[in-house]
Amino acid sequence: GARLPTGGACGDDDKSDGAAFCDVASKFAASQPDEKVFDEAIAAAEGKTKTDVENLKSAFGKAVAVPDDMGFLTDEFREAYAEGVTAITDECGYDTVDIGASEYALTGLDPKGAGITALRLENTGSELHEMLVYRRAKTDSDDLVAIVNDNPGVDDGRLEEIGVTLPVEKGEETYILANLTKGDYVAVCFINQGITTRADIRKELPEETKDHRSLGMITQFSVG
C-alpha cells in the first residue's frame with residue numbers, strides 16, 4: 001500500500017485547534033493510518049482541514065478495496081492524498097523539502113533537520129517517477145547507494161524503509177510524511193525506463209529494460 005504524505009503554522013480562523021489535531025496528525029508519519037486515526041484527526045479538525053482529511057479518508061477506503069494496490073494509482077486518490085498532506089503540513093507547521101525527479105536524478109534532498117517533515121516530490125521530467133526512502137538500520141559506515149545497488153530488493157536488514165511516494169507523471173507532485181531522525185538516508189526510483197503513465201506501470205517490458213536506479217536515480221543524504 002501507499003504511505004500517506006504531509007507540511008506553515010497553526011493560526012487563522014479556518015484552522016483546527018492546533019495541539020489536539022497535530023498530536024493525532026503526527027501518527028500519519030509513524031505508520032499507515034487506520035480508520036481510528038482518521039476519525040480522531042477529523043474530530044479534532046475544523047474548516048477546510050477537516051474537509052480535506054475527510055476526503056482523504058474516503059479516497060483511502062476506496063483505494064484499499066481495489067486488488068493489487070491499483071486503487072492507489074487513480075487520479076482521485078493522488079489528488080485527495082496531496083490535498084490531505086498539504087492540509088496537515090500547513091496546519092502543523094511541518095517543514096517541507098521540495099525534491100525534483102527527472103531523467104535520471106533526484107535533486108533537492110536537503111532536510112533542515114530532524115522531525116516530522118513533508119517530502120514533496122515533483123516530476124519535472126518526462127517519464128513516470130517515484131521515490132522510496134530508506135534509513136540506515138545498522139551501525140556501519142557502508143555507502144548506502146552501494147547497499148541498494150548490491151541488493152535492489154533491499155531485504156537484508158541493513159536499511160529501514162521510511163516511506164514510498166505514489167508514482168507521478170510529468171508535472172504532477174506527491175508526498176511522503178516522515179518522522180526524520182538523525183542519520184543517513186538513501187532515496188531511489190525503481191520505475192522502469194520508458195514508462196510514462198501509471199496505466200503502464202505493470203506492463204511487460206523487454207528483459208534488457210533498465211530501471212531508473214541503475215541509470216543513476218539514487219542519492220544518499222543525511223539528517224543532522
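**Labels and their grounds**

A: A118 sits in strand 3 (residues 115–123); strands are DSSP runs of E with at least two residues, helices are runs of H or I with at least four, and both are numbered from the N terminus. The model is predicted, so local features need pLDDT of at least 70 and side-chain atom pairs pLDDT 80 or more, while totals for chains, interfaces and linings use all residues. Residues are numbered from 1 along each chain as its sequence is written, and side-chain values use heavy atoms, without hydrogens and water.

Q: Why is A118 called buried?
A: Buried means a relative accessible area under 20%, exposed means over 50%, and partly exposed is in between, with a 1.4 Å probe and protein chains only. A118 has 0% relative accessibility, so A118 counts as buried.

Q: Which elements does the protein have, and in what order?
A: There are five helices and eight strands. From the N terminus on, the order is α-α-α-α-β-β-β-β-α-β-β-β-β.

Q: What makes the radius of gyration agree with a compact globule?
A: The radius is taken over C-alpha atoms, and the globule rule is 2.2 Å times the number of residues to the power 0.38. For 224 residues the rule gives a value near 17 Å, and the protein has 17 Å, so the two agree. Along the principal axes, the C-alpha atoms fill a box of roughly 55 × 40 × 30 Å.

Q: How many side chains count as positive and how many as negative?
A: Lys and Arg count as positive, Asp and Glu as negative, and His and the chain ends are left out. On that basis the protein has 22 positive and 44 negative side chains, and the centres of the two sets lie 2 Å apart. Each charge is placed at NZ of Lys, CZ of Arg, CG of Asp or CD of Glu.

Q: How do you know that C22 and C92 form a disulfide?
A: A disulfide is a pair of cysteine sulfur atoms within 2.5 Å. The sulfur atoms of C22 and C92 are 2.2 Å apart, and the pair is joined. By this rule the count is one disulfide. C22 belongs to helix 1 (residues 18–25) and C92 to helix 4 (residues 75–92), so the pair ties together parts 70 residues apart in sequence.

Q: Why is this disulfide called left-handed?
A: The torsion about the S-S bond of C22 and C92 is about -100°, so the disulfide is left-handed.

Q: Are C22, C92 and C189 buried or exposed?
A: C22 has a relative accessible area of 14% and is buried. C92, at 16%, also counts as buried, and C189 is buried at 0%.

Q: What makes a set of residues a nonpolar core, and which residues have the most contacts inside the largest one?
A: A nonpolar core is a set of buried Ala, Val, Leu, Ile, Met, Phe, Trp, Tyr and Cys residues joined through side-chain atoms within 4.5 Å. The largest has 27 residues, and F21, F28, F77 and Y94 have the most contacts inside it. Helix 1, helix 2 (35–44), helix 3 (47–64) and helix 4 each supply at least two residues of this core. Another core, apart from that one, has 24 residues, including A101, L109, V133 and I195.
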